[in-house]
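Colleague: I am new to this structure and would like a friendly tour. Could we go through it together, one question at a time?

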Amino acid sequence: MEVSGALLANAVIAGLLLGGFYAAMSVGISISFGMLDVVNIAHPAFIILGSYIAYIVNDTFGFDPIAVSLVVSPLFFLLGAALYRVYYYCFERRGQESLRGLAFFFGILFITEVALVLVFGVDYRMVSTRYGDVTWRAGPVDFPMRLVVPFLVSMVMVVGVQLFLTRTFFGRAVLAVAQDQLALRLMGVNPVRVKELAFALSIATAGVAGAFLIVIQPVQPAIGREFIGLVFAVCVLGGMGSIWGTLLGAFVLGLAESFTSTFFGPSWAPAVSFGLLLATLAFRPSGILGR
């Protein structure tokens, strides 16, 4: 009984820590897909790109990967703004964003992956941090720092994005552009510019999440494809366009995967997680916190 209690407690902690990481990966999709209706299927590619940038700087200079990601996040912001401009002029302005726009982001995903393979090969890469091998113990419960540190920074980032979107004029404009672009134009605000900056913000969060990923586990270029379904699942499960919903959905999936991996084996974790998503869509299509 005592062993079962320890297993249960560790499964809960691991699920919450994993959920925090999933929230960091998915908050950008909540903005681009949930608020802007831009199906950025290449989002995980920018997460992997962030991982490799953190790896290069860490391997060369020994700097902490998460600190590196925060410093280079403005570059990801500029990259996102430029990418949205190309997307808008080539597809969205012509009303072709549905299928051709999806193919555009699919191409970005594979171009990024191939470029990383050509530069780094297919071997797994990992970083070295002072806390990577440290584990705090509280009785029978373990707190691995390689999960705790990304979790704490993830919470700061997600809450910061939520406050930015609800407490600033630009944030409210982002929320408005998803509801009524014409009304936004009548107020003297350019919805294209708003969407450009919001999309850039989503890419910036992906770059930071990439550093979390390589702190938690080794990465290689193709690993990003494993997270495509997950980030969209978290977004839909929590509620389209809801940052708090994304956080809650990430915790639900994290706990589901942790419990399944602990008690039934890791191979069942994806099936249970997406089964939970299907059940949510069946009984509450708008998501947990969706309107």
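Colleague: Thank you; what should I know about the model itself, and what is phi of D37?
Modeller: This is a predicted model, in which local features need pLDDT of at least 70 and side-chain atom pairs count only at pLDDT 80 or more, while totals for chains, interfaces and linings use all residues. Residues are numbered from 1 along each chain as its sequence is written, and side-chain values use heavy atoms, with hydrogens and water left out. D37 is a residue other than glycine with a positive phi, near 60 degrees.

Colleague: In what order do the elements of the protein run?
Modeller: The secondary structure comes to eleven helices and two strands. Read from the N terminus on, the order is α-α-α-α-β-β-α-α-α-α-α-α-α.

Colleague: What radius of gyration does the protein have?
Modeller: The C-alpha trace spans about 65 × 50 × 35 Å along its principal axes. The radius of gyration is taken over C-alpha atoms, and the globule rule is 2.2 Å times the number of residues to the power 0.38. For 291 residues a compact globule would come near 19 Å, so the protein agrees with that rule at 19 Å.

Colleague: Which residue follows α9 with a positive phi?
Modeller: Helix α9 (residues 228-238) is largely enclosed by the rest of the structure, because ten of its eleven residues are buried. Among them are F232, C235 and G238. After α9 comes a residue whose phi is near 125 degrees, G239.

Colleague: Which residues are in contact with S258, leaving aside its neighbours within four places in sequence?
Modeller: S258 has its place in helix α10 (residues 243-263), and it counts as buried because its relative accessibility is 8%. Contact means heavy atoms within 4.5 Å. With neighbours within four places set aside, the partners of S258 are A11, A14 and G15.

Colleague: What is the relative accessibility of F105 in its pair with F104?
Modeller: F104 and F105 form an edge-to-face pair, 5.1 Å centre to centre with 65 degrees between the planes. F104 is buried, with a relative accessible area of 16%. F105 also counts as buried, because its relative accessibility is 1%.

Colleague: How far apart in sequence are the parts that E92 and K195 tie together?
Modeller: A salt bridge is a side-chain nitrogen of Lys or Arg within 4 Å of a carboxyl oxygen of Asp or Glu. E92 and K195 form one, with the closest N and O atoms 2.8 Å apart. E92 lies in the loop between α3 (65-90) and α4 and K195 in helix α8 (residues 191-216), so the parts they tie together are separated in sequence by 103 residues.

Colleague: Which residues do salt bridges with shared partners join into one network?
Modeller: R193 and E196 both lie in helix α8, three residues apart, about one turn of the helix. They form a salt bridge, the closest N and O atoms being 3.1 Å apart. Through shared partners, the network joins R85, R193 and E196.

Notes: Rings of Phe, Tyr and Trp (its six-membered ring) pair if their centres lie within 6.5 Å; planes under 30 degrees apart count as stacked, over 60 as edge-to-face and the rest as tilted. Buried means under 20% relative accessible area, exposed over 50%, partly exposed in between (1.4 Å probe, protein chains only). Helices (H or I, at least four residues) and strands (E, at least two) are DSSP runs, numbered from the N terminus.
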